[in-house]
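Hi there,

Here is the structure I promised to pass on to you. Have a look at it first, and then read on for what turned up.

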Amino acid sequence: MNRYPLWKYIVIAVSILLGLLYTLPNFFGESPAVQISPLRADVRTDTALLQRLEQVLNQQNLPYNGTILEATGIKIRFADTDTQIKAKDILSSEVGSDYVVALNLLPNSPQWMRHIGALPMYLGLDLRGGVHFMLQVDMAGALTKSLDRFSADLRSTLREQRIPSAGIERDRSKIIIRFRDEQAREKAITELGKAFEDLAFQSEEVGGEARLTISIKPEALVRMQNTAVQRNITTLRNRVNELGVAEPIIQQAGADRVIVQLPGVQDTAKAKDILGRTATLEVRMVDEEGDIDAALRGSVPPGTELFTERGGGPLLVKKQILLTGDRITDAQPGFDQDHQPAVHLTLDNNGSRIFKQLTRNNVGKRMAILLVEKNLTEVVTAPVIREEIGGGRVQISGKMSSIEARDVALLLRAGALAAPMEIVEERTIGPSLGAENISKGFNSTLFGFLAVATFIMAYYSAIGVISVVALAINLLFLIGLLSILQATLTLPGMAGMALTVGMAIDANVLINERIRDEIRHGASPQAAIHAGYERAWDAIIDTNLTTLLAGLGLMIFGSGPIKGFAVVLCLGILTTLFSAVTVSRAMVNLLYGNRKLARVPIGTIKISKKSSNKH
Amino acid sequence: MDFFRFERDIPFTRWGKLSMTFSLIISILAIYSLVTKGLNLAVDFTGGTVMEISYQQPADLDKTRKVLASIGMPDAIVQNFGTSRDVIIRLPVKAEHTGGNLSETVMTALKKDDPSVEMRRVEFVGPQVGDELLENGLLAMLFVSMGIVAYLAFRFEWKFGVSCIIANLHDVLIILGCFSFFQWEFDLTVLAAVLAILGYSVNESVVISDRIRENFRKLRKADVTRVINNAITETMSRTVITHGSTQLVVISMLLFGGEALHNFALALTIGILFGIYSSIMIASPILLLLGAKREDLVKIERKPQEEAVP
């Protein structure tokens with residue numbers, strides 16, 4: 001009666017084999033490597049490049065333990081981190097700025113394992129070291145920025161259509177245009193309505209003055225917010241690429257948040273500096289009529305701001321922004337005709353048109369190019385416009401060094417953020433702490449397992465050994481499953497693993513106690529085993545489902561460390577249901593099912609008179 | 001081996017009044033502590049910055065404090081952490097420092113004082129994130145509690161769900177009370193432990209309820225009290241062995257898991273101990289009080305008449 005059909009044994013054997021296969025890669029460890037991946041789509045990593053790199057490494061006498069050429073990049077393994085770091089410096093100067101050269105760790109598992117997707121578990125930042133940032137996009141800031149841009153565009157449209165207005169200003173989340181008469185306003189509504197589909201127009205009379213209140217339509221607002229977050233993510237990705245990080249994670253979290261995880265980054269100061277930079281470019285006109293001396297004494301003329309030109313004197317600049325960095329499609333460092341370091345900008349169509357018009361209307365006047373970085377505004381250069389500049393190619397040459405030119409170009413190329421961002425959460429784990437956390441989590445699980453195993457084997461003798469083997473297989477399944485899913489393992493996750501060991505044994509205890517109960521009640525050995533498994537099932541499913549419920553609650557509402565714990569807890573329950581019941585039963589059936597048993601080897605049982613008479 | 005086998009049913013329900021009074025008193029004490037002292041919430045919930053640094057030689061905390069005061073952070077809390085060489089620094093939320101630069105400023109100043117200092121860990125949580133984490137934690141607790149009641153009501157009967165969740169929330173209250181009374185730090189992992197306990201202690205009640213149902217079928221003549229007492233006594237062995245095993249693992253975490261898992265394991269320990277106590281000494285008396293009857297479980301086709309509760 002205690003026999004399983006053959007297919008059940010096969011299913012179990014196959015699952016154990018798969019579990020072993022996918023658990024194995026975790027024990028090979030990792031070796032330091034350098035990863036070279038192309039920055040742009042038109043740059044390839046091919047065998048020619050690989051050969052070039054190998055040559056360089058041989059020349060420099062840097063031994064390497066193998067190379068991997070993939071479509072996404074080249075990976076070169078090294079024996080130790082010293083060689084790895086030296087090689088990184090040499091390789092990055094060799095490949096130039098078209099590639100990202102990053103330090104990485106590669107699994108040491110054999111090639112065929114990697115081919116079937118048997119990879120080690122993905123270690124979380126608390127285990128491998130690195131930085132985790134959560135950035136919040138300042139939507140109010142994004143709105144202000146786009147309203148300012150709309151104001152400029154509205155103004156130029158009104159001018160193009162020759163509609164007279166008495167002023168445009170932004171009032172919190174609205175733009176107000178004042179008109180001299182109603183006719184002008186009517187005309188403006190028709191013309192502007194055609195040109196700006198995202199805006200809603202509303203007429204108002206205030207103190208006998210015809211006004212037009214303009215706001216952004218709600219659906220356009222939502223779309224703008226989404227694009228702002230998306231643009232910021234793209235920008236962050238570009239910046240992280242400049243940093244040279246292998247396997248960075250950059251993803252949206254909620255409506256207005258972005259998570260950035262940089263595993264293995266040790267220089268957190270530089271990472272923060274580059275991520276936190278919000279450089280953008282503004283083109284404005286210099287106010288040449290304003291009184292600089294008065295401004296220096298504190299009375300800045302209305303509509304202007306006081307700045308200092310890089311390497312020059314103070315300067316009054318009009319507040320109105322004519323062109324922003326959003327219109328820049330490319331920025332490269334270079335030199336101007338006088339062989340001075342310069343930044344060459346390429347503008348998009350709209351930007352080219354605006355710039356052409358701006359330079360045509362202001363020949364002989366000075367314009368100011370401002371670099372706004374972390375709310376610090378600096379006038380890079382304020383040249384006199386000599387002629388109309390078309391074609392969208394602009395050159396900024398101020399008093400800058402070639403390194404500064406490169407930095408400015410990089411910052412502008414990496415993109416300005418569409419909206420300001422603020423770090424609202426940071427978790428940095430040093431690499432030594434990460435390694436320590438791994439051993440702590442591992443030891444907790446190992447010694448916990450050993451303690452439980454010793455106790456259960458002593459208490460339940462042979463059946464106890466089967467329970468312990470089932471528990472070990474459970475752990476094997478859990479690690480295998482986590483490896484297959486490439487779930488991120490964290491320290492709380494390892495705690496979850498240890499806890500799974502402690503809780504999974506409950507199912508076997510329930511079964512074993514039931515078997516003992518049945519024996520006490522006078523059942524024959526085979527019948528006792530059978531009834532024990534059957535009757536314990538209800539309680540096992542109920543207890544595990546309620547724990548699963550708690551796990552799901554943690555998974556849904558939890559964040560960060562809690563989620564890692566919850567994932568392991570939930571998967572652990574699923575593997576427990578299989579291994580504690582089916583696998584242990586299969587072992588019992590295989591060992592004892594086919595023969596006559598004098599007694600069940602489940603330890604000594606006290607049999608009281610009372611309970612044996614009960615039935 | 002067979003340690004936990006008893007000749008006669010233990011009259012657990014007879015001690016119901018005593019245990020309920022005891023639980024009521026410690027629950028009130030726990031609430032009193034929570035109200036007056038509150039929880040020592042970690043940076044996860046309050047917002048702020050925590051830095052863990054490590055020196056080559058035993059750290060001079062006063063010197064570290066002086067360095068921090070010299071850069072305008074006299075309100076920093078500096079403590080040893082684990083070993084005498086490891087130091088933990090807690091900095092409150094400040095408007096002028098966003099997450100990025102604060103830890104860098106501190107690290108630069110400390111490096112100037114002693115170049116051998118190594119940064120081990122930085123955690124910065126903005127105040128808005130902290131509030132959300134707390135809110136989500138409470139939501140999770142609500143979700144799990146309701147889910148458990150619903151599940152037990154479906155599998156057994158509503159009285160079992162209610163008595164079980166009262167016992168469980170009692171455990172949670174005791175854990176929170178202990179963390180409040182001893183002012184142990186309450187962080188995200190402790191919250192995870194509390195929620196895990198919420199799911200885990202149900203096991204006990206489920207196993208007992210399962211036995212009660214079976215006994216209602218089997219012991220046809222026995223009254224409700226006897227059925228309950230017999231169910232608890234019969235499952236006693238399993239209770240001790242299971243929780244003993246789980247506790248072994250938790251002790252292993254306490255010994256080998258280091259500071260990061262210490263409070264997590266501590267919360268689990270309290271939860272496991274009180275989980276055993278409450279599912280036996282609290283859930284069963286409440287079940288009796290609610291008037292659980294044979295008909296509630298045995299005749300599933302005839303839905304229980306709730307008006308008939310005495």
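How many residues does the contact take from chain A and from chain B? Chain A gives 67 residues and chain B gives 60 residues. Please keep in mind that this is a predicted model.

On the side of chain A that touches chain B, several elements each supply at least two residues, among them helix H9 (268-276), strand S22 (421-429) and helix H13 (431-485).

S22(A) pairs with strand S5 (residues 118-125) of chain B in the antiparallel sense, over five bridges. Look for Thr428(A), which stands opposite Val122(B) in S5(B).

Now for chain A by itself. Its domains are domain 1 (6-23 + 430-613), domain 2 (30-108), domain 3 (140-221) and domain 4 (225-423). Taken over C-alpha atoms, the centres of domain 1 and domain 3 of chain A are 69 Å apart.

For chain B, an unreviewed UniProt entry lists residues 12-35, 137-154, 161-182, 188-208, 240-258 and 264-290 under "transmembrane region". In the model, residues 161-182 of chain B are 95% helix and 0% strand, with 32 Å between the end C-alpha atoms. Residues 188-208 of chain B are 100% helix and 0% strand, and their end C-alpha atoms lie 31 Å apart.

Enjoy exploring!

Best wishes

Key:
Residues are numbered from 1 along each chain as its sequence is written. Chains are lettered from A and ligands numbered from 1 in the order in which they are written. This is a predicted model: local features need pLDDT of at least 70, side-chain atom pairs count only at pLDDT 80 or more; totals for chains, interfaces and linings use all residues. Domain bounds come from an automatic or database domain assignment. Two residues are in contact if their C-beta atoms, placed from the backbone, lie within 7 Å. Helices (H or I, at least four residues) and strands (E, at least two) are DSSP runs, numbered from the N terminus. Two strands pair if DSSP finds at least two bridges between them. UniProt positions are given in the numbering used here, feature names are shortened, and annotations may be inferred rather than shown by experiment.
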